[in-house]
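Please open the model in your viewer and keep the selection tool at hand. This tour moves from one stop to the next, saying what to select and what is found there.

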Amino acid sequence: MAEAIQQLILDTLEKNEVIEDSRELILPGEASPAVTQDAQSAIIAALNSLLSRNMVSYEAHEILSYCLTPEGEQIAEQGSHEARVWAALSEKGGNPVSIKDLKTKVGDESAKIGQGRAFKSGWIMKDGENLYKAVPAIKDITQEEMKEVVATGTLQAGERALAELRKRKLIIQKKGQWYSVAKGPEFTTSTAKPETDLTADMITSGSWKTSTYKKYNFDAEGIPPNGGALHPLLKVREEFRNIFLEMGFAEMPTSQFVESGFWNFDTLFVPQQHPARDLQDTFYISDPAISKPPPEDYYDRVSQVHTVGGFGSTGYRAPWSDEDSRKLLLRTHTTARSAYMLYKLATRPGGLNGDKGGFKPVKMFSIDRVFRNEATDATHLAEFHQVEGVVADKGITLGDLIGFMQTFFSKMGITNLRFKPAYNPYTEPSLEIFAFHPMLNKWVEIGNSGMFRPEMLEPMGLPRDVHALGWGLSLERPTMIRYGISNIRTLVGHKVSIEGVEKSAAVRF
């Protein structure tokens with residue numbers, strides 16, 4: 001159909017040089033001129049195709065026309081309400097039709113509207129409770145007007161008749177267009193499309209020499225390329241990472257997901273009887289189940305501070321199990337790696353036991369995955385990401401810890417902080433971090449922090465005047481807040497929307 005309309009336009013231009021009004025065209029398969037907007041839509045599609053090949057030029061002209069409402073379409077097909085009421089009745093002397101029977105025959109709406117208009121036109125009369133035809137024949141002007149609107153988009157009767165139909169909500173006004181057309185610089189009566197590619201067959205046959213080619217449109221938008229997209233977690237992770245780097249922190253290597261009970265718990269002065277070490281809280285590895293032995297001298301110092309105390313501490317005075325210490329598990333926090341990095345700092349060449357030249361202040365951070373045997377719900381998963389910062393230097397205090405946290409969170413746009421005393425086995429003092437959430441209009445916990453205990457630091461070999469502070473938070477919670485996600489299972493896992501990942505906005509704290 002589209003090619004047939006294109007050919008019609010070209011043949012008409014060849015014959016008449018111009019097309020003054022596209023509404024005068026008679027489309028293939030039609031008997032009347034193309035006065036409807038559907039016909040004009042088909043014509044403009046053909047014109048745009050010819051215009052892209054510079055075969056024609058055209059000018060659009062706006063026109064106001066009318067189309068039928070659903071009620072108008074019903075009248076055009078079945079007749080007006082009043083005509084249907086008249087047709088349902090008999091002449092006087094025939095079968096009487098009561099008002100109730102009329103509703104059954106033509107429906108409630110037609111009976112209600114049609115009666116009044118039929119009485120007004122003198123088409124029907126009433127005798128008692130029954131209705132009869134008052135005239136033997138009628139002319140359904142309303143139906144004829146509906147058909148005329150369908151065919152021409154207007155009425156020859158003029159604005160008064162159109163206003164009456166608008167009042168009855170049988171027609172609505174719409175804007176339409178028609179077109180005047182002229183020949184273009186590449187005018188031809190052939191509708192053969194120009195080639196868009198130069199193929200090997202065209203070169204072999206030599207047909208490329210006589211072929212016409214479509215011009216490149218350098219303003220056209222290309223096909224969007226398929227590419228990867230960063231997950232919202234990775235976007236927020238990168239922002240956290242940039243904040244740490246701006247503050248002069250170095251990133252710790254944290255790719256080791258499997259740790260021993262020694263590095264995950266014992267070095268942090270977590271007692272071997274602590275509930276966190278139970279099977280219901282920690283994932284233990286079955287094969288291999290036992291780790292390689294840790295450094296012997298360090299292991300002895302850690303076990304001693306647990307069992308009998310030392311470095312100013314009385315210890316836990318509880319039984320020690322080498323088996324529990326050597327068990328392999330999925331790390332429950334990245335602090336296990338922080339402990340290992342602090343131990344490496346203490347045992348730098350020339351630095352064992354704090355010898356001169358060994359210790360240097362450090363600021364370290366990590367953002368990586370941890371695992372806990374927890375029941376999953378809308379806000380908890382068995383695996384998540386921990387964001388952690390650690391600072392070790394001589395003489396630093398709790399005030400330095402609070403100052404670091406205020407600077408860190410201010411770079412995220414969080415300036416209204418509160419700190420609450422808390423308990424952690426490996427930090428003392430310990431603080432929970434709260435921020436005021438303006439949308440929730442309440443204080444919410446956003447992290448945990450504290451000063452690492454001497455029972456953790458001094459067995460490593462760090463000097464007594466070296467203190468270490470640390471703080472941590474999850475990566476998932478700020479990501480959910482930033483992207484308005486209420487269920488963590490739609491952020492991580494098989495329910496994640498790939499389209500949502502591709503369209504997720506960049507994050508900037």
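The stops below begin with the whole chain and then turn to helices, strands and some individual residues.

This is a predicted model, in which local features need pLDDT of at least 70 and side-chain atom pairs count only at pLDDT 80 or more, while totals for chains, interfaces and linings use all residues. Residues are numbered from 1 along each chain as its sequence is written, and side-chain values use heavy atoms, with hydrogens and water left out.

**The whole protein**

Along the principal axes, the C-alpha atoms fill a box of roughly 120 × 85 × 45 Å.

**The start of the chain**

Select Glu17, in the loop between α1 (2-16) and β1, where phi is positive, about 75°, although Glu17 is not a glycine. Most residues other than glycine have a negative phi. Next select strand β1 (residues 18-19) and strand β6 (residues 171-183), which run antiparallel and are joined by 2 bridges; two strands pair if DSSP finds at least two bridges between them. Within this pair, Ile19 stands opposite Val181 in β6.

Select helix α5 (residues 99-106) and helix α6 (residues 108-121), whose axes are 7 Å apart and which pack at an angle of about 120°. Axes are lines fitted to C-alpha atoms, for helices over the stretch in contact, and angles run from 0 to 180 degrees between N-to-C directions. The two helices, α5 and α6, are therefore oblique to each other (under 35 degrees counts as roughly parallel, over 145 as roughly antiparallel, 65 to 115 as roughly perpendicular and the rest as oblique). Their contact (heavy atoms within 4.5 Å) is made by Ile99, Leu102, Lys103 and Val106 of α5 together with Asp108, Ser110, Ala111 and Gln115 of α6.

Now show the open sheet of 3 strands, with the order β3-β5-β4 and antiparallel pairing. At the edges stand β3 (97-98) and β4 (124-127), each with a single partner strand, so one side of each is left without a neighbour in the sheet. Between β4 and strand β5 (residues 130-133) there are 4 bridges, and Lys126 has Leu131 in β5 as its bridge partner. Helix α6 lies across β4 and β5, running at about 100° to β4.

**Two cis peptide bonds**

Finish with Pro288, in the loop between α11 (261-264) and α12 (296-307), where the peptide bond from Asp287 is cis, with omega near -5°. Then select Pro429 in strand β13 (residues 427-437), which a cis peptide bond joins to Glu428, with omega about 5°.
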